[in-house]
Amino acid sequence: MIRIAVADDDSDLREVVATMLERDGHWVEVAANGRECLTLIDSGTIDLVVTDVFMPGGDGMSLMAAIRSRQPRLPVIAMTGGMGGLSHPSVDAMKSAGAQAILAKPFTRQALREATAQVLAACGSPTR
C-alpha cells in the first residue's frame, strides 16, 4: 500500500483529495501546511507527497525544497490554483522546486489517479 501525505490549507479540498486517494487503495495522512507535512515526512513512512503550492504556515515551494534536502528521492505532486495556472514559467518554478507532476485546481479524480501512477512509476514505487 502506498503511503501518501496530502498538504493543503483548504480543509475541504484536503479531505476530498485524501478521499479520492483512499478510494484508489492508498493510505493517506493529511496536513494543513508544509510544516505539518514535514513532520509526516520525517516519520519515514511516506512514499509520495501531494501538496498545494500556496499555503500559509509553510507553503508548497518551501516544502518541496525541504523535501529535496531531506529525502531527495521522495516524489511530489504539486497542486495549484495560482501562479497563472499551468503557464510555462509556473511549471518551470514548480519543477525546479521538486514537483514531478503538477495538477491545476480544480482537477478530476482521473487526473489525480494518472498523476499518482505516473510519478510512482517514474520513481520505481509499486502502484495498486
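This is a predicted model: local features need pLDDT of at least 70, side-chain atom pairs count only at pLDDT 80 or more; totals for chains, interfaces and linings use all residues.

Q: OK, which residue lies over the face of Trp27?
A: Arg3 does, at 4.3 Å from the ring centre.

Q: Now the sheet: what's the strand order?
A: E2-E1-E3-E4-E5, an open sheet of five strands with parallel pairing. Strands (E, at least two residues) and helices (H or I, at least four) are DSSP runs numbered from the N terminus, and two strands pair if DSSP finds at least two bridges between them.

Q: And which are the edge strands?
A: E2 (27-31) and E5 (101-104), each pairing on one side only. E5 pairs with E4 (residues 76-80) over four bridges, and Met79 stands opposite Leu103 in E5.

Q: What does helix H3 touch?
A: H3 (residues 60-70) packs on the sheet against E1, E3 and E4, contact meaning heavy atoms within 4.5 Å. The direction of H3 makes about 155° with that of E3; axes are lines fitted to C-alpha atoms, for helices over the stretch in contact, and angles run from 0 to 180 degrees between N-to-C directions.

Q: Switching to the core: who touches the most other members?
A: In the largest nonpolar core, of 23 residues, they are Cys37, Ile41, Val49, Leu63, Ile67 and Ala78. A core is a set of buried Ala, Val, Leu, Ile, Met, Phe, Trp, Tyr and Cys residues joined through side-chain atoms within 4.5 Å; buried means under 20% relative accessible area, exposed over 50%, partly exposed in between (1.4 Å probe, protein chains only).

Q: What's Ile41 in contact with?
A: Beyond its neighbours within four places in sequence, Ile46, Val49, Leu63, Ile67, Gln71 and Leu74.

Q: And His26, buried or exposed?
A: Buried, with a relative accessible area of 10%. His26 is in the loop between H1 (11-23) and E2.

Q: Last one: where's the cis peptide bond?
A: Between Lys105 and Pro106, with omega about -10°. Pro106 lies in the loop between E5 and H5 (109-123).

Technical notes. Residues are numbered from 1 along each chain as its sequence is written. Side-chain values use heavy atoms; hydrogens and water are left out. A charge sits over a ring if NZ of Lys or CZ of Arg is within 6 Å of the ring centre and within 35 degrees of the ring normal.
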